[in-house]
Amino acid sequence: MKRKGNHSYYELAVENRLRHKKMNYIATNEFKKGFDKLGQSIKNFDFLLTSNSTGTKIVDVKGKRFGYETAPSNIFENWIYEEDITSMLKWEEILSENGLITKAVFWFVYELTGLSKREDFFSFAFKYKNKKYAIVEISASTYKKHSKVRSKSIKSINVSRRKFEHLVTQINI
């Protein structure tokens, strides 16, 4: 299913790569919310993926830049909203109860800007519309375990960048 509408370049880059690699996936409509059995709304994830080697997982794509012109050492940025983590863990619980998934994960898709000396961290990268991207994965439960409040006013959390670098796994799609 090709995405239509207002989706981030990061999600479009991932979907393009999934299609190129002929991977099994379903893209969700993230602008509509799901509901649990109690009628409480849950933010949708971006993709449901199935694979013989990794099982079935739900993926929420988080796009970030790996280095900025004004701050080239700003790497492994990974903040998310509290709603992201609670929704992913809720989906994992609901879908696992029904035997449908193995885990909920975040894919942090970094646009490699060429500004950071640390880009050699990434063994795998791909191009989409003249930009270079790399992906790392972290399970929602691991992210929650290691996260701390980043901003109370916008209800965001993050994992320290040093710790995050060691908790993630690179994804080669």
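Is E111 buried or exposed? E111 is buried, with a relative accessible area of 12%. Here buried means under 20% relative accessible area, exposed means over 50%, and partly exposed is in between, with a 1.4 Å probe and protein chains only.

First, the ground rules. This is a predicted model, where local features need pLDDT of at least 70 and side-chain atom pairs count only at pLDDT 80 or more, while totals for chains, interfaces and linings use all residues. Residues are numbered from 1 along each chain as its sequence is written, and side-chain values use heavy atoms, with hydrogens and water left out.

Now the overall picture. The protein chain has four helices and twelve strands. Those are DSSP runs, numbered from the N terminus: helices are H or I with at least four residues, strands are E with at least two. The C-alpha trace spans about 50 × 40 × 30 Å along its principal axes. The radius of gyration is 16 Å, which agrees with the value near 16 Å for a compact globule of 173 residues. That radius is taken over C-alpha atoms, and the globule rule is 2.2 Å times the number of residues to the power 0.38.

What about burial and surface? Of the 173 residues, 47% count as buried. The chain exposes about 9,900 Å², and carbon and sulfur atoms supply 49% of that area. Areas come from the Shrake-Rupley method with a 1.4 Å probe; for residues, only the protein chains shown count as cover.

Next, contacts. A contact means heavy atoms within 4.5 Å. Take the contacts between residues at least 6 apart in sequence: 63% of them join residues at least 24 apart.

On to charge. The chain has 32 positive and 19 negative charges, and their mean positions are 3 Å apart. Lys and Arg count as positive, Asp and Glu as negative; His and the chain ends are not counted. Each charge is placed at NZ of Lys, CZ of Arg, CG of Asp or CD of Glu.

How many salt bridges does a search of the whole structure find? The search finds nine. A salt bridge is a side-chain nitrogen of Lys or Arg within 4 Å of a carboxyl oxygen of Asp or Glu.

Start with D60 and K43, whose side chains meet at 3.1 Å, N to O. This pair links distant parts of the chain, 17 residues apart: D60 is in strand β5 (residues 55–66), and K43 is in the loop between β3 (41–42) and β4 (47–51). Both D60 and K43 are buried.

K43 also forms a salt bridge with D84, with the closest N and O atoms 3.2 Å apart. D84 lies in helix α2 (residues 82–97) and K43 in the loop between β3 and β4, so this pair ties together parts 41 residues apart in sequence. The relative accessible area is 18% for K43. For D84, relative accessibility is 3%.

Now back to E111. Its salt-bridge partner is R65, with the closest N and O atoms 3.8 Å apart. R65 lies in strand β5 and E111 in strand β7 (residues 103–112), so the pair ties together parts 46 residues apart in sequence. R65 is partly exposed, at 29% relative accessible area.

Which residues do salt bridges with shared partners join into one network? They are K43, D60, K62 and D84.

Now some loop lysines. K37 sits in the loop between β2 (34–35) and β3. K37 is exposed, with a relative accessible area of 76%. The C-alpha atoms of K37 and I94 are separated by 9.1 Å, and the two residues are 57 apart along the chain.

K129 is in the loop between β8 (126–128) and β9 (131–139). Its phi is near 45°, a positive value in a residue other than glycine. K129 is exposed, at 64%.

K155 is in the loop between β10 (148–151) and β11 (156–158). Phi of K155 is near 55°, again positive in a residue other than glycine. K155 is exposed, at 52%.

Last stop: R17, in helix α1 (residues 9–20). R17 is buried, with a relative accessible area of 17%. Leaving out residues up to four places away in sequence, R17 touches F126 and I173. R150 is 133 residues from R17 in sequence, and their C-alpha atoms are 31 Å apart in space.
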